[in-house]
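I opened this notebook to record what I looked up in the model, working from one chain as a whole down to a few of its elements and then to the contact between chains.

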Amino acid sequence: MSTKTWAVFGNWLVTLFLGFVLAWPWSQGLKAQGFSQFADGDARLLSAGGAYFLEALRLGFGHFQSLLLPTLVLGVGVALVSLVPTAGLALAASSKQKLGPNALATRAVEHWWRFALLRLGTSLVQALLFGGVYVVQAWFRATSADVRQADLRTLSFVAAGLGLGAIVGCVQDVLRVALVRDAVSPHFSGAFGLSLRALRSEGVKLLISWALLASLCISLVGASAVFASRGFAEHPSLTFGLQQLLCLILIGIRLFWFSIIERALASAQKRIKPGALVPAETPASSAEPAYPS
Amino acid sequence: MLALGWAGSGQGRPLAPATPIAPATPVVPIAPVAPIAPETPMALEAPLRVASYNLDANLDVGKHTIHATGTIHFTNRSTRALTELWFHLYLNAFKNNRSLFLRNPFALGRSGRTLSSYGYIEVHKLTSPRFGTQNLWANSAKHSPADPDDTTDISVPLPAPLEPGESLELELEFTSHLPPVLERTGYAGSFHFAGQWFPKLAKLELDGTFAHFPFHPNAEFYADFGDYDVRITAPNEFVIGATGSLVETTQRKNSTTSHFSLKGAHDFAFTAWDKFERISEKVGDVHVQLLFPAWQRENALLSLSAVRQALPNFSRRFGPYPYPTLTVVHPPEAGEGAGGMEYPSLITTGGVWFEPYLGSHAIEAVTVHELGHQWFYGLLASNESEAPFLDEGVNSYAEIGVLEDLLGVGSAFRGAGLDISIAALHRVNAAWYGGDDVVAQPARGFRGFSAMGGLVYSRTATLLLTLERVFGPEKFRAALKLYAEKFRFGHPTPDDFVTTLEKELEPSFGRALRVGLFERGWVDYRVESVASRRSLADLGLFAEGGPQSSRASAASGSKDWLGRAVVYRRGNLEIPVEIALHLKSGAVLRRKWNGQGASFVVDYTGPSELASVEVDPDLKIPLDQNLLNNSKAVTPAGESRISYILTSLAHLFVSGALP
């Protein structure tokens, strides 16, 4: 199998496992309420105006309450661990040599702390941006935060906030790929430099690609939610299977997005002197660590 | 007033087609509305007028005070001579932190908030031409009976008895100092909501006693019917909304006086704010006016849409709405304590702007709940302090039916593939308090407002919903309508309610209703065991018309299946229930149990194996204390949808496909 195939399946497997870990205490808690004794099993949770669902929450209140904090901590942990398969995807998109599952996993793990730092930095910048836009819109007395009745001024603030947040997220992905590129030593400074060059030359193209792919993903998730809201009650295992297929497609789309970034970074690198982004003491030829393939 | 939980039904009904919001009626900011002539109430009956108020009120928006002068026309409709009058000074609940309303730091009423400054009423003068120029207030009690710290329940001795049938003209002058909005009344910035702002005569009972009480944080109000004519003077830029119809406006250089009139009511409230926007439209014969902050326009339209459908719906169920106008006030966020409250022909709603985006129908639910109070409080003016279940409980039941007609099964929440009904919310809230305390007791008897919410609002609603489903919706609704018509413009008691309903329905209904309301009634149906096996051929020795003979072996036995389930009933409520027998073939058989006795054995013989047995499969008894022990399977079902759903959601989250 190709590196990209390994990366997609690896990503799917790891995130499925992490999702399972996150969901397990809650699904076990609800299962323990005894829905298997009903003729329609836990489909009952979704019927009768939610009466049985609320009853399960009431009877298991103490248990579910005790799960809240651990779930929050687990959620943060799982979100951080999930950066490893993301790094694997970025590696697969940028690697010129074929990597087996072990090599891919090892290199992805090595990149984890950089991805984690990047994620924290991005979250901080996004929070500052959203906060700043909120303050500015209050300054300009926009009509309402409610988009149903917003005027053009308010809508432009909402669009500005979302747009800036999206640009920051998009830049984060460019940096991610730049950090794991074969030809570049994984230094933030080098990755920033290359990313800036790529964004300067192909920023608009990248943003349009991101917007199109993001729209596609949102549409797929939305359609799947509509389908799943019915499907889980009638055909749970089949619906679950289709949901997993959807996850694979979403991961594939993300890989495709990383590949677009990689091409932009490659063409940006072509326009600069060889080795310019590599620290002086490190020969360009030794920038690529000797990982087993 | 609305408690935090509302509720919905387990009965799946098709979603009512959403009524489109009418083409935007032009928003008229701060413009005076055309006066609506006070019409004769549409009701066939007229209330017995006991206390009518004619007041001139001047709102000082800077000092947040109302200075008022006027008269009260009071008639002794009782059978005894009166030697004293009793006044409720509800606003004195906010006078200091030693009032009955505020003194308990652990139970600050419904909101749980504390005050930054205080509010009170100063009565300057109370005179009557009958008694010359004597200021009757000078001899008034200094505090509520047996409570030196509370001044919300004040007696005023009369210089001479007032005989039955005699009337008294009282002239009064007072100043109300509004508190910051804590609960129902007060100000927030330039927003003012004046509820319980004037000295109000306590309800005179037929035996000549006054139903007076200090203002308890759990309690609401009780008063006689009368006519209200109130002129409110406020700065020109302020939009005024009030109980009743706007008769005329008189504009001066800096201020405008708005004259409101309402016949046959028992309270008067008004609001004033310089940032209100207004929408008006006619719903049937009723002029509906909506006042709201500009930034809440869309949510206010949700309220209007709910009123448009709920007003005729309530009228069909409980008799026509009697007043020519209805004012719906959506307070700003800072004044949210004024939201979710009812006054005759005026209701307040509320809610944060993003609630609809979360799938919540809270705004519609609050609107419908408060509108329902026009009947269960407004027209059936029961004693809210002594029997809060008669207004809040019965109204919560009424709200369930109307909201489901409006919004279908997801009447409280719709989203993420899950529909939550208002009945389900009330049910779970009712089950939370179970049979902990008696439903039909005075508001002051409940140990905190959440207990009162669970028992008075939710448990009454769930009990009535249970009785409706078990004894037949048509019969039950007809009986309730009869009650609403019989006591329209009256003051029904718990006994009036129970006897009217039980007369129309069967005796077991009356028993269940009384136990549910007065005896901490509860019930839990539970399937204890279920078993299934092949039936056996006869084995052993049998006498068949002569000497005993041995019967054939099991090999030639029957191919039928046998099944047996044991169902238990716990609790003191005996309610007839159905039991469903699910067979492996997919067929479902039904059995009935009258609910009497502690247990019931269901036997089955048939061609298919018994798979599971469920008691109350249609959820006709939402009062059932534990729904999850209602079914037992011979072999529990294997596939777990919830594991699939939660894992899928978590997977999407982890893989970054969801934010």
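For the burial count I took a residue as buried if 20 or more other C-beta atoms lie within 10 Å of its own, with the C-beta atoms placed from the backbone. The model is predicted, and I keep that in mind for every entry below.

Entry: chain B as a whole. With that cut-off, buried residues account for 54% of the 659 residues in chain B. I then looked up the secondary structure and found 10 helices and 32 strands in chain B. Of the contacts in chain B between residues at least 6 apart in sequence, 72% join residues that are at least 24 apart.

Entry: a sheet in chain B. I picked out an open sheet of 3 strands, whose order is 5-3-9 and whose pairing is antiparallel. Strand 5 (153-162) and strand 9 (200-201) of chain B are at the edges, and each has a single partner strand, so one side of each has no neighbour in the sheet. Between strand 3 (residues 82-88) and strand 9 of chain B, which run antiparallel, I noted 2 bridges.

Entry: two helices in chain B. How do I describe two packed helices? I use the angle between their axes and the distance between the axes. For helix 8 (residues 494-504) and helix 9 (residues 507-518) of chain B, the axes come within 8 Å and cross at roughly 155°. Angles over 145 degrees count as roughly antiparallel, and helix 8 and helix 9 of chain B are therefore roughly antiparallel to each other. I also recorded that the crossing of helix 8 and helix 9 of chain B is right-handed. On the side of helix 8 of chain B the contact is made by B:Val498, B:Leu501 and B:Glu502, while helix 9 of chain B brings B:Phe509, B:Gly510, B:Leu513 and B:Arg514. Sorted by class, this contact of helix 8 with helix 9 of chain B has 4 nonpolar, 1 polar and 2 charged residues.

Entry: chain A against chain B. Which residue counts does the contact take from each chain? I found 55 residues from chain A and 52 residues from chain B. On the side of chain A that touches chain B, at least two residues each come from helix 1 (3-31), helix 2 (51-59), helix 8 (188-234) and helix 9 (236-270) of chain A. Helix 1 of chain A gives the largest share of that side, 11 residues. By class, the side of chain A that touches chain B has 31 nonpolar, 18 polar and 6 charged residues.

Terms used. Residues are numbered from 1 along each chain as its sequence is written. Chains are lettered from A and ligands numbered from 1 in the order in which they are written. This is a predicted model: local features need pLDDT of at least 70, side-chain atom pairs count only at pLDDT 80 or more; totals for chains, interfaces and linings use all residues. Two residues are in contact if their C-beta atoms, placed from the backbone, lie within 7 Å. Helices (H or I, at least four residues) and strands (E, at least two) are DSSP runs, numbered from the N terminus. Ala, Val, Leu, Ile, Met, Phe, Trp, Tyr, Cys and Pro count as nonpolar, Asp, Glu, Lys and Arg as charged, and the others, Gly among them, as polar. Two strands pair if DSSP finds at least two bridges between them. A residue is buried if 20 or more other C-beta atoms lie within 10 Å of its own, exposed if 12 or fewer, and partly exposed in between; C-beta atoms are placed from the backbone. Axes are lines fitted to C-alpha atoms, for helices over the stretch in contact, and angles run from 0 to 180 degrees between N-to-C directions. Angles under 35 degrees count as roughly parallel, over 145 as roughly antiparallel, 65 to 115 as roughly perpendicular and the rest as oblique. A crossing is left-handed if the near helix is turned anticlockwise from the far one by less than a right angle, and right-handed if clockwise.
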